[in-house]
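Please read it alongside the sequence and the coordinates.

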Amino acid sequence: MNLKGKIVLITGASAGIGEACAYKFAELGANLILFARREEKLAKIAENIKSKYGVEVLTRTIDVRNNSSVEQVIAELPNIWQDIQVLVNNAGKALGMSKIQEGSLEDWEEMIDTNIKGLLYTSRAVLPGMVSRRTGHVINIGSLAGHEVYPSGNVYCGSKSFVRAVSKGMIIDLNGTGVRVTNVDPGLVETEFSIVRFHGDAEKAKNVYVGYTPLTGDDVADAVIYAATRPAHVQVQEIFITSTDQATATIVNKKM
Ligand code: NAP
């Protein structure tokens with residue numbers, strides 16, 4: 001699949017995996033629609049990408065938890081930006097690590113609203129266009145946490161199990177429409193993820209990645225690009241990718 005001149009929408013493009021995907025799609029000549037809440041970060045990334053790759057980039061400061069803004073922003077895209085070929089549902093997070101009986105309701109709600117509802121809202125707004133054009137690709141960023149539950153990962157793991165299940169649901173319901181779906185499940189990736197998870201505790205976050213080589217955002221973006229660039233008749237349903245040092249959620253070859 002040649003993505004030159006095609007439109008790719010990435011949610012959560014202001015950091016980490018989403019940002020890395022933006023650069024890699026731009027390198028292939030795709031024009032980008034980038035969503036995130038931090039306007040300045042998005043603007044800087046858009047500027048860098050435009051000057052480096054000469055593609056068009058549209059940014060929208062948006063919270064995917066808010067369905068009416070998701071619907072409105074997508075409905076009001078300028079005409080030439082309407083034909084979205086690839087949607088990368090990447091915006092997501094873990095918040096906290098607590099035993100279920102001690103968890104924060106606020107953290108749970110934010111994870112559920114972002115990882116589950118945000119993905120659904122964006123997909124619901126974009127999919128009818130893909131189906132009517134009989135072409136498109138939805139790439140959902142799940143997690144190793146969708147394959148196994150680890151101690152104190154309860155709600156985050158539940159949200160990523162949801163992503164994996166709904167990806168399969170999309171594959172089934174979109175069968176015959178020409179729209180393909182890929183679920184990409186990474187293990188440990190060094191991004192802002194752990195800083196967010198530990199509510200800004202940078203030292204605690206850094207410790208997650210000490211003593212071994214974690215994945216980078218670029219590694220995951222490579223997997224996304226692999227799926228997106230297969231010929232139209234090939235649907236990569238799932239990619240499960242970890243660092244060589246990671247065997248399971250809890251078995252990591254840490255040298256310390
Ligand atoms: P990250 O560096 O924290 O990036 C998360 C992105 O999501 C940011 O651009 C953030 O931008 C955006 N975002 C968060 N809440 C949002 C909201 N309500 N509306 C719109 N955008 C929002 O984390 P990452 O590691 O790249 O995570 C990306 C995805 O990979 C997530 O779904 C995560 O669950 C998954 N994942 C990560 C890992 C890992 O170890 N890092 C492993 C497996 C899966 P703003 O703050 O500007 O909105």
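**Ligand site, pocket and cavity**

A polar side-chain atom of Ser14 is placed 2.8 Å from an oxygen atom of the ligand, a polar contact being a pair of N or O atoms within 3.5 Å. The model is predicted, so that local features need pLDDT of at least 70 and side-chain atom pairs count only at pLDDT 80 or more, while totals for chains, interfaces and linings use all residues. Residues are numbered from 1 along each chain as its sequence is written, and side-chain values use heavy atoms, with hydrogens and water left out.

**Ligand contacts**
- A backbone N or O atom of Val189 lies 2.9 Å from an oxygen atom of the ligand.
- For Glu192, a polar backbone atom is 3.1 Å from an oxygen atom of the ligand.
- Of the 880 Å² of accessible area that the ligand has on its own, the protein covers 96% (Shrake-Rupley method, 1.4 Å probe).

**Shell around the ligand**
- The ligand is surrounded by 31 residues, the closest being Ser14, Ile17, Arg37, Tyr156 and Thr191 (a residue is near if one of its heavy atoms lies within 4 Å).
- By class, this shell holds 14 nonpolar, 10 polar and 7 charged residues (Ala, Val, Leu, Ile, Met, Phe, Trp, Tyr, Cys and Pro count as nonpolar, Asp, Glu, Lys and Arg as charged, and the others, Gly among them, as polar).

**Largest pocket**
- Helix H1 (16-27), helix H5 (154-173) and helix H6 (193-197) are the elements that give two or more residues to the shell around the ligand (DSSP runs: helices H or I of at least four residues, strands E of at least two, numbered from the N terminus).
- A pocket is an open set of points on a 1 Å grid over the protein atoms alone, with protein on both sides within 12 Å along at least five of seven lines; a cavity is a set where a 1.4 Å probe fits but cannot get out, and lining residues have an atom within 4 Å of a point.
- The volume of the largest pocket is about 1,200 Å³, a volume being the space filled by probe spheres set on points joined across faces, edges and corners.
- Its lining comprises 49 residues, with Lys93, Tyr156, Thr191, Phe193 and Ser194 nearest the centre.
- H6 contributes the most to this lining, with 4 residues.

**Largest cavity**
- The count is 1 cavity of 30 Å³ or more, and the largest cavity has a volume of about 40 Å³.
- Helix H4 (residues 105-133) supplies the largest share of its lining, 4 residues.

Terms used:
A polar contact is a pair of N or O atoms within 3.5 Å; within protein, one must be able to donate a hydrogen and the other to accept it, and residues adjacent in sequence count only if both atoms are side-chain atoms.
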